[in-house]
Amino acid sequence: MQDRRLKYVLILPAALLVLGTTIWPLAVSLVTSFRDWRLTRSLTPGPFIGSEHYVTALTDDPDFLNALQVTASFVAIDVTLTVVCALGLALLLRRAGVLHSLTRAVLILPFAVSPALVGISFRFMFNAEMGVFTWLAGTLVPWLKGYVWLGDPVASLLVLVFSDAWRWVPYMTLVVLGGLSALPREPEEAARIDGASEWQVLRDVTLPALLPVLAVVAILKTVFALKMFDQVVTLTGGGPGQSTTTLAYLVYSIAFRWYDMGYASAVAWILTAMLVFLAVWYMKLILRKPGGA
Amino acid sequence: MSGTRAAAARRRKLVVKAVESAILLLALFLILFPIVWMALTAFKRPVDLFDLTVTFTPTLDNFRTIFAAPWNIGAAVWNSTVVAGLTVLISIPCSTLAAYAFSRFEMRFKGALFFTILATQFIPAVVVVLPFYLLFRDLGLLDTHLALVIVNLAIVTPFAVWMLKGFLDAVPTESEEAALVDGATRLRVILDIVVPMVWPGVLVTAVFCFILTWNEFLFALILTRDDAVTLPVGITRFRTERGDLWELIAAAGILISIPMFLLSSVIQRHFVRGMTGGAVK
């Protein structure tokens, strides 16, 4: 067979997989989002109702607005924490040392743990009566003794961030370390010879050069924070109240507790639209590099 | 004068070093403690559960319990293995061929096609699962391995294409071209020359995809009930109406994590590349 045709044949299986497992369901969800379809009333899709679901979500649904707010807070805290910690840790780990190599060696471990298990473990460790983190916090800060972490709206969101950061900070540290090791050493050394302090070298030479990598970390983390679902189920269950109900968890609740497929699809598509926007931005950023597509 | 300044500099260096060590110790503690605590809990009797000391009489009872009725965690281990295994076996060959085409050929719409495949990994799983839930319900495929394999292909395939293209780009093309000049067909070249050369990359990608599928939770939560429940959903079953059976959760947690620790250590160097699509090498 000629290469001219063969190249398309080679792509076909993977293209069909993506088409069938992602593009098709996306299209179906989009169509469903314009229909009235509650599984409790009918097993077949109901009539088209235009953009009613979208209008309801954006103007008249306190649950949606709450989830939007929760998601925004979660993403903002989570991404900031992850980028700052990963950058700081990576800068420290660049040097040689026993503690350094020990830390580098364990960085990969948290990411291998199933997020669902991470959530459940943190629920155990923040158990109000005798969770080990509850005890530790109470010992270090006396007025936190016996504090019910998962019973408070703000604290439970912070615990959720903590559990997510536990899994992601070490991984992103590896990413930043990768970026650091690819930087040429000469500019830093030249700045030092010129008498710049360590802080000036960091601020004026290292960080600007590292900016593309930090952008990758920030965007990727934003995407994964927006999609975060597993720990909400296993750690907080969206509560107390709806204080940790993120958009992804709200879609799940609407679809599989209230069985409102139409409305769930609309909310899911609002989330998807945000992610596609980020995806396009991200891909432009990384495909611009030589060696990309 | 210069002597005291040197001493001050030395003292400052010591302080910096101490602070650095303290931060690293804290990082080590934060990373390792949850894992160690889970491992310890797995060997505790229920009465020792909330005892915050490390001196307890270890027991293997929890592991015996989770494998016995009514928990039968062995079934979940089997389901996870089958689902992750099949997903990888289907996805990797397809992705390798596509990655080869993207790496070696110029074609119309190549940019757009590659872009689309890669962008799909940003789609939230919850929007993908809604239509599949309805479809599988109509087809009677809920709670089957097949259903899980199909949806997991959605997560794994874009990653695999992206990673494999990176590996293939790094393989020199001289021996391929020589074989083509000698009259070998393109497919023979791919099978006999390219695949052996890129084999380490294929293995790394396969392991990476296996880990992703093994840890997947949302699809399994929605699409399975009893027969096809995988490990991440299986551990949530230990949160019963009578309370959370933490020692069993921990034992199952160790069971689900140890193989992934081993696999991820093997491919550690390439793990970063997997998630960032070669943006960071």
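Which residues have the most contacts inside the largest nonpolar core?

1. This is a predicted model. Its largest nonpolar core has 171 residues. Those with the most contacts inside this core are Val251(A) and Val267(A) from chain A, together with Ala98(B), Val126(B), Val129(B), Val151(B) and Ala252(B) from chain B.

2. Helix α6 of chain B, residues 145–169, gives the most to this core, contributing 17 residues. The core lies between domain 1 (2–62) and domain 2 (73–276) of chain B, because both of them give residues to it.

3. Val126(B) can be taken as an example. Leaving aside residues up to four places away in sequence, Val126(B) touches Phe229(A), Ala248(A), Val251(A), Tyr252(A) and Ala268(A), as well as Leu218(B).

4. Chain B is split into domain 1, covering 2–62, and domain 2, covering 73–276. Taken over C-alpha atoms, the centres of these two domains of chain B are 35 Å apart.

5. Contact between the domains of chain B involves eight residues of domain 1 and seven residues of domain 2. On the side of domain 1 that touches domain 2, helix α1 (residues 2–42) of chain B gives the most, with four residues. By class, that side of domain 1 of chain B has five nonpolar residues, two polar and one charged.

6. For chain B, an unreviewed UniProt entry lists residues 77–267 as "domain: ABC transmembrane type-1". Over residues 77–267, chain B is 78% helix and 2% strand. The end C-alpha atoms of this stretch of chain B are 22 Å apart.

Terms used. Residues are numbered from 1 along each chain as its sequence is written. Chains are lettered from A and ligands numbered from 1 in the order in which they are written. This is a predicted model: local features need pLDDT of at least 70, side-chain atom pairs count only at pLDDT 80 or more; totals for chains, interfaces and linings use all residues. UniProt positions are given in the numbering used here, feature names are shortened, and annotations may be inferred rather than shown by experiment. A nonpolar core is a set of buried Ala, Val, Leu, Ile, Met, Phe, Trp, Tyr and Cys residues joined through C-beta atoms within 7 Å. A residue is buried if 20 or more other C-beta atoms lie within 10 Å of its own, exposed if 12 or fewer, and partly exposed in between; C-beta atoms are placed from the backbone. Domain bounds come from an automatic or database domain assignment. Two residues are in contact if their C-beta atoms, placed from the backbone, lie within 7 Å. Ala, Val, Leu, Ile, Met, Phe, Trp, Tyr, Cys and Pro count as nonpolar, Asp, Glu, Lys and Arg as charged, and the others, Gly among them, as polar.
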